[in-house]
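Trainee: I'm new to this structure. Could you show me how to read its contacts and cores?

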Amino acid sequence: MENVCGYLMKYTNLVTGWQYRFFVLNNEAGLLEYFVNEQSRNQKPRGTLQLAGAVISPSDEDCHTFTVNAASGEQYKLRATDAKERQHWVSRLQICTQHHTEAIGKNNPPLKSRSFSLASSGNSPISQRRPSQNAISFFNVGHSKLQSMSKRAHLPPDHLVEVREMMSHAEGQQRDLIRRIECLPASGHLSSLDQDLLMLKATSMATMNCLNDCFHILQLQHASHQKGSLPPGTTIEWLEPKIPLSNHYKNGADQPFSAEQSKPMAVPEEQCVAEAGLLAREPEEINTDDEVEDTCDNKEDDLGAVEEQRSVILHLLSQLKLGMDLTRVVLPTFILEKRSLLEMYADFMSHPDLFIAISNGATPEDRMIRFVEYYLTSFHEGRKGAIAKKPYNPIIGETFHCSWKMPKSEVASSVTSNSSTQAVTNHVPLSDEALSQVGPDCYTVRFVAEQVSHHPPVSGFYAECAERKMCVNAHVWTKSKFLGMSIGVTMVGEGILSLLEHGEEYTFSLPCAYARSILTVPWVELGGKVSVNCAKTGYSASITFHTKPFYGGKLHRVTGEVKHNSSNTVVCKVQGEWNSVLEFTYSNGETKNVDLTKLAVTKKRVRPLEQQDPFESRRLWKNVTDSLRESEIDKATEHKRTLEERQRAEERHRIETGTPWKTKYFIKEGDGWVYHKPLWKIIPTTQPAE
């Protein structure tokens with residue numbers, strides 16, 4: 001990647017405040033450097049941050065600020081000129097950080113065998129303070145066990161065997177500690193909710209998680225130098241990188257911890273190879289005629305589960321700290337929505353008539369306004385109830401397919417002039433007869449989504465209407481972090497709508513999402529500034545999703561404007577609520593209201609479960625969904641854990657064998673992901689004379 005440079009404001013201190021500085025992102029060296037100004041960049045930098053292991057976080061205080069937290073503890077608080085520039089810097093910094101962080105484990109040589117004589121002889125500072133609790137006595141690792149580990153058949157010498165054994169026993173000790181605390185009564189002199197005990201639980205788990213992260217890096221180092229050295233049929237034994245929270249769901253419940261739980265998981269190599277081969281198949285052509293109208297109704301209105309599991313939420317909160325990245329945190333199963341994130345993205349197309357109608361615009365101005373109208377009406381259907389719940393994290397290689405059939409007559413009736421005061425609320429649900437239309441009387445909108453990366457979690461999705469020569473391609477990296485009494489999710493990435501009949505491309509971003517009041521009745525709001533740009537026509541839109549102020553103010557408020565860049569003329573303004581009523585005001589003074597509560601939602605069409613690929617979302621998560629529907633939280637947790645453990649096992653196998661991950665439908669291009677057969681590669685772009 002090319003280096004990135006430009007001016008940013010840097011916060012120095014309370015006295016000096018914000019100052020303009022010239023920043024340079026050196027991708028090759030993994031450094032963020034800054035200078036007093038651009039003219040002094042040939043001199044020594046005023047400051048330098050190593051990006052390996054750093055955390056880059058957009059700020060919640062406004063849409064311009066972000067922070068760079070280095071592994072050394074040093075922090076830069078920076079401010080861009082607008083949300084688009086912040087997103088550009090944050091995206092490039094995150095990509096560079098990820099690259100150099102992963103390189104640490106791959107480029108360093110494997111560790112030499114080390115003895116634990118210091119710990120066993122009792123000469124360490126810890127053992128001197130507490131002679132009865134040196135490392136060996138605490139982990140209870142005997143000499144005979146280490147010998148048995150070193151004599152495993154068919155395995156090459158492994159310098160990490162001793163560490164692995166000790167880690168396994170430490171996990172068992174930590175689980176036992178958690179169990180003993182949670183077996184205490186919920187009230188009394190010493191209860192399971194005692195503040196000191198909660199802190200002890202959090203500290204012990206955080207310590208084990210940190211040790212597991214370090215151990216995982218050591219495994220990567222070792223594996224990079226042992227590629228291809230394992231004979232066929234060897235059993236690969238690894239320690240799980242995280243302590244799942246599924247064992248700690250109910251405070252006070254006596255949950256036995258068997259010896260088997262403390263052992264590393266064994267995954268046969270043949271099984272990994274077979275499953276990896278299944279994921280790496282060639283793209284499948286989905287026939288939309290095989291899809292039927294969706295009858296699944298997973299409404300999310302179960303407040304009881306949240307109330308019953310409040311102790312679990314308190315336990316989870318005791319492990320988190322402000323600004324903590326939640327990507328690798330295992331959240332309790334009862335807060336899950338009964339669908340995958342990939343299926344949630346399909347809800348952006350719940351109004352295919354408005355999507356198709358974009359191309360009907362007679363002028364570039366009209367088409368930009370139509371796109372903004374479609375964009376703002378695409379979010380409300382994403383929420384299935386008043387309670388904020390989290391969709392399943394997609395498994396790498398997971399896909400979701402669906403389509404919509406839209407009678408052409410219905411699209412024609414929705415196309416109105418900007419000067420009209422007719423409201424879109426006049427839409428009525430489509431009749432069964434209309435929905436049954438196929439062939440030339442219907443438009444078909446196809447949708448496909450795929451989880452293309454696990455770390456970081458990146459999803460790609462693509463939708464097209466071939467009859468209207470239009471398609472949209474997007475990739476999204478979801479980053480979640482803990483904000484105290486709420487959780488924030490940043491949608492890193494962008495989408496591009498292509499109108500091939502007009503030769504136009506509309507680039508857009510997505511707002512942040514927030515789950516508020518997570519200790520009482522959680523609810524969702526959107527926040528941040530997003531932009532829509534069409535370089536060819538020179539029209540752009542700026543949209544702001546307003547979060548609710550601490551005192552007063554309305555919920556879910558959104559404002560925006562469409563303007564012609566060269567003349568700086570505002571041609572349309574919009575205000576209202578993204579889940580209620582939107583009001584569009586045009587340059588001629590006329591208005592149009594869109595009542596989303598009355599706006600007809602077209603149901604998607606999906607293939608029956610038995611016809612779906614094993615890694616299509618609904619079939620993949622079927623057992624979890626069925627268990628949640630029956631309120632069997634423990635069973636849902638077990639099914640979910642099985643899927644996640646298989647994903648980790650496959651990742652470890654790929655590392656061992658040096659096998660790169662192969663996506664199914666999307667191809668990496670630059671910083672983004674593109675569908676393998678987009679319309680613009682099949683249908684030539686028209687260049688109309690306007």
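Trainee: Leaving aside neighbours within four places in sequence, which residues is Phe447 in contact with?

Mentor: Contact means heavy atoms within 4.5 Å. By that rule, and with those sequence neighbours left out, the partners of Phe447 include Leu342, Tyr345, Ala346, Met349, Phe400 and Trp404. Keep in mind that this is a predicted model, where local features need pLDDT of at least 70, side-chain atom pairs count only at pLDDT 80 or more, and totals for chains, interfaces and linings use all residues. Residues are numbered from 1 along each chain as its sequence is written, and side-chain values use heavy atoms, leaving out hydrogens and water.

Trainee: How many residues does the largest nonpolar core have?

Mentor: In soluble globular proteins, nonpolar side chains tend to be buried together. A nonpolar core is a set of buried Ala, Val, Leu, Ile, Met, Phe, Trp, Tyr and Cys residues joined through side-chain atoms within 4.5 Å; buried means under 20% relative accessible area, with a 1.4 Å probe and protein chains only. Here the largest has 62 residues, and Tyr375, Leu376, Phe447 and Phe545 have the most contacts inside it. Helix H13 (residues 364–376) gives the most, 7 residues; helices are DSSP runs of H or I, at least four residues, strands are runs of E, at least two, and both are numbered from the N terminus.

Trainee: Is Asn473 buried or exposed?

Mentor: Asn473, in strand E16 (residues 470–482), counts as buried because its relative accessibility is 7%. Its side chain has a polar atom 2.9 Å from the backbone oxygen of Trp673, and reaches the backbone nitrogen of Tyr675 at 2.9 Å.

Terms used:
Buried < 20%, exposed > 50% of the residue type's maximum accessible area, 1.4 Å probe, protein only. Polar contact = N/O pair within 3.5 Å; in protein donor to acceptor, adjacent residues only side chain to side chain.
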